[in-house]
Amino acid sequence: MSAYRERVHRTGAARATVLQTVGRRERRSHLTAPRVPTVGIDIGGTKVMAGVVDADGNILEKLRTETPHKSKSPKVVEDTIVELVLDLSERHDVHAVGIGAAGWVDADRSRVLFAPHLSWRDEPLRDRLAERLLVPVMVDNDANAAAWAEWRFGAGRGTDDLVMITLGTGIGGAILEDGQVKRGRYGVAGEFGHMQVVPGGHRCPCGNRGCWEQYSSGNALVREARELAAAESPVAYGIIDRVDGNIAEITGPLITELAREGDAMCVELFQDIGQWLGVGIANLAAALDPSCFVIGGGVSAADDLLIGPARDAFRRTLTGRGYRPEARIIKAELGPEAGMVGAADLARLVARRFRRTNRRRVERYERTGLTTLLAPRGREDDR
């Protein structure tokens, strides 16, 4: 065993301790964390995005690939992550890796307990990746990572208490209080999308009925549009013509495009999911009382088509309305890269403890058993 490998094994216990305690000092540590580049990974049901991010939240390089099908083994997804990180490591001095996973992550941020769009069930993702990459790895929920990024670099700057709502395939969420992500006792706080708002309502992939995300999400938007098109409703003729009658080609971006062009049905669909969004936010305000709600995710690209109706519904349903300050509802600024940027920035909190001396990149390839990735590029980086 090499001297470097021995150091990795000796520091394993210390690494776990740092990762378990770093959450308690996030607010303070981000100010003094090393200004070194780290890699952020955002893993969703359809894509894996990886990027090198500097200490100011700037993306130095970004890669993207499709997520392997959920029927494949967890190792297939891990292989994809490793390949992306090693590719980026050829050109950048990477000191740590942060993972933003679309699923439940335990309180120690080491295991993905459940990922509905992947085949991860109690998956020890942090340790498996750290063993292969030989750098510190931090795992967190993707919405937590996005909220951290918006607080540090985006719409939430200057606000210490915010709630992040991410509207994509479903609804993700995160809570940030006094400059610290609140993960809950078991690490699964912020799963707002699975609050039941309609008892006995639409079936949700989580197993329950009537979850919030079944009424205000990308899936809800597309489902309603396709149902109207399938019924050959007169209000759906515009979108039916656009897809030449192929209802399966109706997508969220297409609905957004038509709504911006003034298609009455698509505008109405955004009003519907916006109203449901506002009702849910009012419920969260009653429970958490943040100063602002940051709305992110792919569906938020509709801007005021979505956020306008959400603000209206929020004001109508907020408990104590007229006698209490109202939280702001604002759109996220960092777009689809928020989760990646946040994961990278959170990883810097552990990069300080485990900052490594520079060494030849070829050593990393040899030790991870992926030397084939190096061959086509034909370079050895001595930085």
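**View 1. The largest nonpolar core of the predicted model, which comprises 41 residues.** Within this core, the residues that touch the most other members are I165, I239, I255, F270, L277, F293 and I295. At least two residues of the core are supplied by each of strand 9, strand 10 (171-177), helix 7 (218-230), helix 8 (237-242), helix 9 (252-260), helix 10 (264-288), strand 12 (292-296) and helix 11 (304-317). Helix 10 provides the largest share, contributing 10 residues. As background, nonpolar side chains in soluble globular proteins tend to be buried together. The model shown here and in the following views is a predicted one.

**View 2. The surroundings of I295, one of the core residues that touch the most other members.** When residues up to four places away in sequence are not counted, I295 touches I165, L167, L277, I281, S300, I307, I329, I330, K331 and A332. Among these contacts, I165 and L277 are themselves listed with I295 as residues that touch the most other members of the largest nonpolar core.

**View 3. A second, separate core of 30 residues.** Among the members of this second core are V82, V112, L125 and V135.

**View 4. The aromatic pair formed by W104 and F114, one of four aromatic pairs that the structure holds.** The two rings are arranged edge-to-face, with a centre-to-centre distance of 5.9 Å and an angle of 65 degrees between the planes. The pair links distant parts of the chain, since W104 belongs to strand 5 (residues 104-105) and F114 to strand 6 (residues 112-114), the two residues being 10 residues apart. W104 is partly exposed because its relative accessible area is 35%, and F114 likewise counts as partly exposed, at 27% relative accessibility.

**View 5. The tilted aromatic pair of W148 and W151.** Because W148 and W151 are three residues apart in helix 6, about one helical turn separates them. W148 counts as buried, with a relative accessibility of 0%, and W151 is also buried, its relative accessible area being 9%.

**View 6. T159 in the loop between helix 6 (142-153) and strand 9 (162-167).** Although T159 is found in a loop, it counts as buried because its relative accessibility is 9%, which lies under the 20% cut-off for burial. Leaving aside residues up to four places away in sequence, T159 touches W151, S291, C292 and R328.

Terms used. Residues numbered from 1 in each chain as written. Predicted model: local features only at pLDDT ≥ 70, side-chain atom pairs only at ≥ 80, totals over all residues. Heavy atoms only, no water. Helix = DSSP H or I, 4+ residues; strand = E, 2+ residues; numbered from the N terminus. Buried < 20%, exposed > 50% of the residue type's maximum accessible area, 1.4 Å probe, protein only. Contact = heavy atoms within 4.5 Å. Core = buried A, V, L, I, M, F, W, Y, C linked by side-chain atoms within 4.5 Å. Phe/Tyr/Trp six-rings, centres within 6.5 Å; stacked < 30°, edge-to-face > 60°.
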